[in-house]
Amino acid sequence: IHAKELLPQGFPELKNDTFLRAAWGEETDYTPVWCMRQAGRYLPEFRETRAAQDFFSTCRSPEACCELTLQPLRRFPLDAAIIFSDILVVPQALGMEVTMVPGKGPSFPEPLREEQDLERLRDPAVVASELGYVFQAITLTRQRLAGRVPLIGFAGAPWTLMTYMVEGGGSSTMAQAKRWLYQRPQASHQLLRILTDALVPYLVGQVAAGAQALQLFESHAGHLGPQLFNKFALPYIRDVAKRVKARLREAGLAPVPMIIFAKDGHFALEELSQAGYEVVGLDWTVAPKKARECVGKTVTLQGNLDPCALYASEEEIGQLVKQMLDDFGPQRYIANLGHGLYPDMDPEHVGAFVDAVHKHSRLLRQN
């Protein structure tokens with residue numbers, strides 16, 4: 001079947017597919033670029049849009065999510081949009097209360113403390129129906145993008161979601177969540193399975209709604225060593241990719257490239273490159289050449305400029321980008337930061353980063 005026939009009806013034709021081609025490992029005329037947290041507080045218009053609303057109310061408003069997703073694209077010639085949402089809408093849909101505390105971040109008033117707390121969680125099969133607002137936001141945004149660039153959907157990986165649900169918020173050590181792994185391995189696996197069972201229909205639903213690529217955020221990979229990662233994170237990361245792809249086929253939906261971003265997971269790059277994802281995202285602590293040696297030629301790499309490099313002068317940003325592009329090479333590569341943008345960053349410098357990627361990657365190909 002021709003991929004066009006599988007397009008959900010009524011979406012505008014895609015004008016710039018550079019990001020998707022790079023994700024699939026096809027040749028591109030230049031290196032595509034987008035930024036994690038590109039829809040964020042570094043933009044004054046984001047702060048204005050968000051000012052009046054509670055964070056999760058914003059997430060539940062398709063209009064607001066659409067507006068926030070499009071804001072960075074009005075300013076910068078980015079090659080992809082990523083839907084404005086949050087990874088913690090999944091624990092919410094499982095019945096946990098989550099609030100966003102200004103200046104502190106997410107907070108779970110009643111985290112999972114005992115094994116029997118798992119009984120409080122809703123059936124993962126109902127999660128997708130609880131998250132219809134995300135699907136609506138994706139469909140609306142895909143329409144309003146008018147085919148300018150592809151739209152990325154996303155979710156948090158099981159281990160990362162588990163850390164929040166057990167810790168009750170952010171943590172510098174993840175000692176409570178890791179304590180579960182050591183003291184309650186069975187319950188930990190049970191929770192990770194529940195999360196996986198919730199994530200699969202959620203991600204498939206995002207594609208059905210119009211997402212053209214998916215990124216899984218294993219933001220807390222770095223708290224695990226290789227053994228714990230291979231036991232409690234990697235099997236579920238693999239399972240998500242395998243099951244999402246199978247479900248898309250069964251639903252008659254065209255396949256979409258999937259990206260795995262395991263922050264500080266440098267020790268697992270080889271395993272991640274064989275986990276069923278087309279793209280492996282890298283944080284800034286990984287040397288591009290070493291990463292390429294490690295993952296081989298079968299996956300696309302994404303990343304990995306230190307976000308703090310955007311505090312440098314525009315001229316220096318250009319030099320850093322040039323070096324990064326040299327190290328990654330022209331093909332099978334998507335430029336990005338090694339983590340999200342920070343709220344105090346100058347939008348002009350984000351623009352300088354995007355322009356430098358486009359300019360230098362075109363020059364690289366000519367030489």
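This is a short chat about a predicted model and some of its residues.

Visitor: What should I know before we start?
Guide: The model is predicted: local features need pLDDT of at least 70, side-chain atom pairs count only at pLDDT 80 or more, and totals for chains, interfaces and linings use all residues. Residues are numbered from 1 along each chain as its sequence is written, and side-chain values use heavy atoms, with hydrogens and water left out.

Visitor: Let's talk about helix 11. How many residues does helix 11 have, and how far does it reach?
Guide: Helix 11 has 25 residues and reaches 34 Å from its first C-alpha to its last. That is close to the 36 Å expected at 1.5 Å a residue. The expected span is 1.5 Å times one less than the number of residues. Helices here are DSSP runs (H or I, at least four residues), strands are runs of E (at least two), and both are numbered from the N terminus.

Visitor: Where is the kink in helix 11?
Guide: At Ala 233, shortly before the proline Pro 235. The kink is about 40 degrees. The bend at a residue is the angle between axes fitted to the seven residues ending there and the seven starting there.

Visitor: Which residues of helix 11 are buried?
Guide: Among them are Phe 229, Phe 232, Ala 233, Tyr 236, Ile 237, Val 240 and Val 244. Buried means under 20% relative accessible area, exposed means over 50%, and partly exposed is in between (1.4 Å probe, protein chains only).

Visitor: What do the buried residues of helix 11 pack against?
Guide: Several elements, including helix 8 (158-167), helix 10 (185-209) and strand 6 (258-262).

Visitor: And Ala 246: where does it lie?
Guide: Ala 246 lies in helix 11, which covers residues 226-250. Ala 246 counts as partly exposed because its relative accessibility is 23%. Ala 246 is 42 residues from Val 204 in sequence, and their C-alpha atoms are 9.8 Å apart in space.

Visitor: New topic. How many aromatic pairs are there?
Guide: The count comes to eight. Rings of Phe, Tyr and Trp (its six-membered ring) pair if their centres lie within 6.5 Å; planes under 30 degrees apart are stacked, over 60 edge-to-face, and the rest tilted.

Visitor: Why is the pair of Phe 55 and Phe 56 edge-to-face?
Guide: Their planes stand at 85 degrees, so the pair is edge-to-face, with ring centres 5.1 Å apart. Phe 55 is buried, at 11% relative accessible area. Phe 56 is buried too, at 2%.

Visitor: What about Phe 217 and Phe 261?
Guide: They form an edge-to-face pair, 6.2 Å centre to centre with 80 degrees between the planes. This pair links distant parts of the chain: Phe 217 is in strand 5 and Phe 261 in strand 6, 44 residues apart. Phe 217 is buried at 14%, and Phe 261 is buried at 2%.

Visitor: Which residues form one aromatic cluster?
Guide: Phe 46, Phe 55, Phe 56 and Phe 84.

Visitor: Is Thr 58 buried or exposed?
Guide: Thr 58 is buried, with a relative accessible area of 1%. Thr 58 is in helix 3 (residues 55-59). Leaving aside neighbours within four places in sequence, Thr 58 has contacts that include Arg 50, Cys 65 and Phe 84. Contact means heavy atoms within 4.5 Å.

Visitor: Now the backbone. Where is the cis peptide bond?
Guide: It joins Gly 303 and Asn 304, with omega about -10 degrees. Asn 304 is in strand 8 (residues 300-305). Most peptide bonds are trans, and most residues other than glycine have a negative phi.

Visitor: Which residues other than glycine have a positive phi?
Guide: Met 174 is one of them, at about 60 degrees. Met 174 lies in the loop between helix 8 and helix 9, and is buried at 1% relative accessibility. Arg 332 also has a positive phi, near 55 degrees. Arg 332 sits in the loop between helix 14 (314-328) and strand 9 (333-337). At 22% relative accessibility, Arg 332 is partly exposed.
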